[in-house]
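Open the model in your viewer and keep the selection tool ready. The stops below go from charges over rings to an aromatic pair and then to a pocket.

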Amino acid sequence: MFAVIKTGGKQFRVAANDRITIAKLEGNPGDTVAFGSVLMLTDGEKSTIGAPFLSDITVAGEIVEQTRGEKVIAFKKRRRQNSKRKRGFRAELTVVRITDILTGGKKPEMKKGEAAPAALKAASPAVKGKAKPAAKAEALDASNLSLISGVGPTIEKKLRAAGITSWNDIASWTEADIAKWDEELKLRGRATREEWVEQAKELLAGKPPRAKADQAELASGEDY
C-alpha cells in the first residue's frame, strides 16, 4: 500500500517505513505528525484518487530530525557599476519516517502527554461547502486612480491632466469615450484590455481592488 501526499507545496509517494525530507514542520524528534492532504491511495491493484484530497485517509509519521539543506549561493554583479552582492541560503527541512497509512477516517495514536499533530490541522482539506474567506473590503478613496489595475503613476498623471480624477469619471465611459481617450492619451488599448470601466464600477460597489483580491485569494488556500 502506498499513498501520494502533498506538503510544503510538493507531492511525495510514501509507504510505511519510508523516510522523506520535507519543508520544515514544527516539532521535536520523536513527535507524531499526520498528513491529511492525501491525493491518491493504492492498495494492491485498487487505486483511489481524491478530488482533490481523500478526506478519510491520513498518513501518519514520526519526526526523525530537524535539518537544513545544502547552501545555495546567489551572486549578482553589475558590470561597470562597482556593485556586487553575494548571499547564501539554506532551507529549513524536516526528516519524517512514515509509520502508517490510516483508512476509514482513523487518526494516528498519540503518545502520552502529546498534543494533536500540527501537520494534521494544517494539511486537512477544507470542509466541502465552506466558502473561502473573501478579501476584506476597506474604505477606499474614490479619487485614488492607482487602485485600478493597469493605472500606473505616468498614466494617472495623464488622466488627471485630462480632468479624469475619480472612479466615477471612468465608470461612466462609453465605448466612444474609451476610443477617444485611448487616442488622445496614447493608452494603446490598455483601458479595454485591463477593463478599467468594469474595475471602476466594482470599486464604487465596495469591492476590493482586483490586485488585492487576487493576493487574498492566494493567501487563503494555496500551498507555497
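Select Arg13 and Phe2. The charged end of Arg13 sits over the ring of Phe2, 3.7 Å from the ring centre. A charge counts as over a ring if NZ of Lys or CZ of Arg is within 6 Å of the ring centre and within 35 degrees of the ring normal.

This is a predicted model: local features need pLDDT of at least 70, side-chain atom pairs pLDDT 80 or more, while totals for chains, interfaces and linings use all residues. Numbering starts from 1 along each chain as its sequence is written, and side-chain values use heavy atoms, without hydrogens or water.

Next, Lys180 and Trp181. Here the charged end of Lys180 lies over the Trp181 ring, 4.5 Å from its centre.

Now the aromatic pair. The structure holds one (Phe, Tyr or six-membered Trp rings, centres within 6.5 Å).

Last stop: the second largest pocket, about 200 Å³. Its volume is the space filled by probe spheres set on grid points joined across faces, edges and corners. A pocket is an open set of points on a 1 Å grid where a 1.4 Å probe fits, with protein on both sides within 12 Å along at least five of seven lines; lining residues have an atom within 4 Å of a point. Select Thr32, Ala60, Thr99, Pro108 and Glu109, the closest to the centre of the twelve lining residues.

Terms used:
Phe/Tyr/Trp six-rings, centres within 6.5 Å; stacked < 30°, edge-to-face > 60°.
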